[in-house]
Amino acid sequence: MPEHPFELRGAVKRYRDFTLGPIDLAVPRGYVMGLIGANGAGKTTAIKAALGAIRIDEGEAATIDKTRVGVVLDRPCWTPAWRALDLERLLSPFYPTWDRDRFAELLGWAGVLPHTTIKECSRGMAMKLQIAVALAYDAELLVLDEPTSGLDPLARADLLDRLAEFMTDERHAILFSTHYTADLDRIADLVTLLADGAVIASGPRDDLLESWSLVRGTASDLTAQLRPRVWGLREHSVGWEGVVAAQDLALCGPKAVAETPSLEDLFVHLAKGK
């Protein structure tokens, strides 16, 4: 059983107007990896590369047997006229571990009747239906691409509860790609921040947040020595705000106020650079 069911090593994918990488991204079993990036940062390209949906130009990409991977997109890729019962009939032959009773139970959780068509599903139902299919064949790795985008708070909470239940099995792993960082505050163990096709920070979520501080200070605090060490610097009439590495806090002066950043704060400031 491979330690990392999803892995990119030095992966590079070049397009005419965008390059991903070189990027290293590994999702270990027993962990939820949050992949954060703005639209166009390369999140979906990284996912496609690891899944073999696109050919990379350099490096290595690997995932476990595709029959053990569940992919959840912002909208299902199935034919809109298919019904839920058609999904079982058409997909189950490809998955030796398909569990009919489990799928029926999960359809109830998703609020989808057997004769409901894909096009009749709300966004939340469509997301849950994709999760239901993945769990029906006992997927070990879930790859989620913006799974909560557009969901109302109740639907989002329900989906995250199901994912938390999935992770009670230490064989399982999740790659959760999103630009909605609040979800990852609840569920992610590891976080990778991606901007313009490059990893700008990666590590255990709590360690990553503790290694940076969101600092607000007066104009006099922003010395020539400190300025180049502030990420995402915002200056205004009464002072400034930015993210500073923990080891540089001593440069901020006695009047500066420092606090642990949220994931959103950290991403926004690091993505803007120095």
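Before the sheets, one term: two strands count as paired here if DSSP finds at least two bridges between them. What you have on the screen is a predicted model.

With that in hand, take strand 8 and strand 9, which pair in the antiparallel sense over six bridges. To put a residue on it, leucine 194 has valine 199 in strand 9 as its bridge partner.

These two strands belong to an open sheet of six, in the order 5-6-7-3-8-9, and the pairing in that sheet is mixed. Which strands stand at the edges? They are strand 5, residues 69-72, and strand 9. Each has a single partner strand, so one side of each is left without a neighbour in the sheet. From one strand to the next, the twist averages 15°.

Now the helices on this sheet. Helix 5, residues 153-166, packs on the sheet and touches strand 6 and strand 7. The direction of helix 5 makes about 150° with that of strand 7. Helix 8, residues 263-272, lies across strand 3, strand 8 and strand 9, and runs at about 30° to strand 8.

Three strands form an open sheet in the order 2-1-4, with antiparallel pairing. Strand 2 and strand 4 are the edge strands, each pairing on one side only. The twist here averages 20° from one strand to the next. Strand 1, residues 6-14, pairs with strand 4 over five bridges in the antiparallel sense, and leucine 8 has alanine 61 in strand 4 as its bridge partner. Helix 1, residues 43-51, lies across strand 1, strand 2 and strand 4, at about 115° to strand 1.

A cis peptide bond joins glycine 21 and proline 22, with omega at about 5°. Proline 22 lies in strand 2, which covers residues 19-27.

Then there are two aspartates with positive phi. Aspartate 138 has a phi of about 60° although it is not a glycine, and it sits in the loop between helix 4 and strand 6. For aspartate 196, phi is near 50°, again positive in a residue other than glycine. Aspartate 196 is in the loop between strand 8 and strand 9, the antiparallel pair I began with.

Are these aspartates buried or exposed? Aspartate 138 counts as partly exposed because its relative accessibility is 30%. Aspartate 196 is at 70%, so it counts as exposed.

That's it from me.

Note on methods
Residues numbered from 1 in each chain as written. Predicted model: local features only at pLDDT ≥ 70, side-chain atom pairs only at ≥ 80, totals over all residues. Heavy atoms only, no water. Helix = DSSP H or I, 4+ residues; strand = E, 2+ residues; numbered from the N terminus. Buried < 20%, exposed > 50% of the residue type's maximum accessible area, 1.4 Å probe, protein only. Axes fitted to C-alpha atoms, helices over the stretch in contact; angles between N-to-C directions. Contact = heavy atoms within 4.5 Å.
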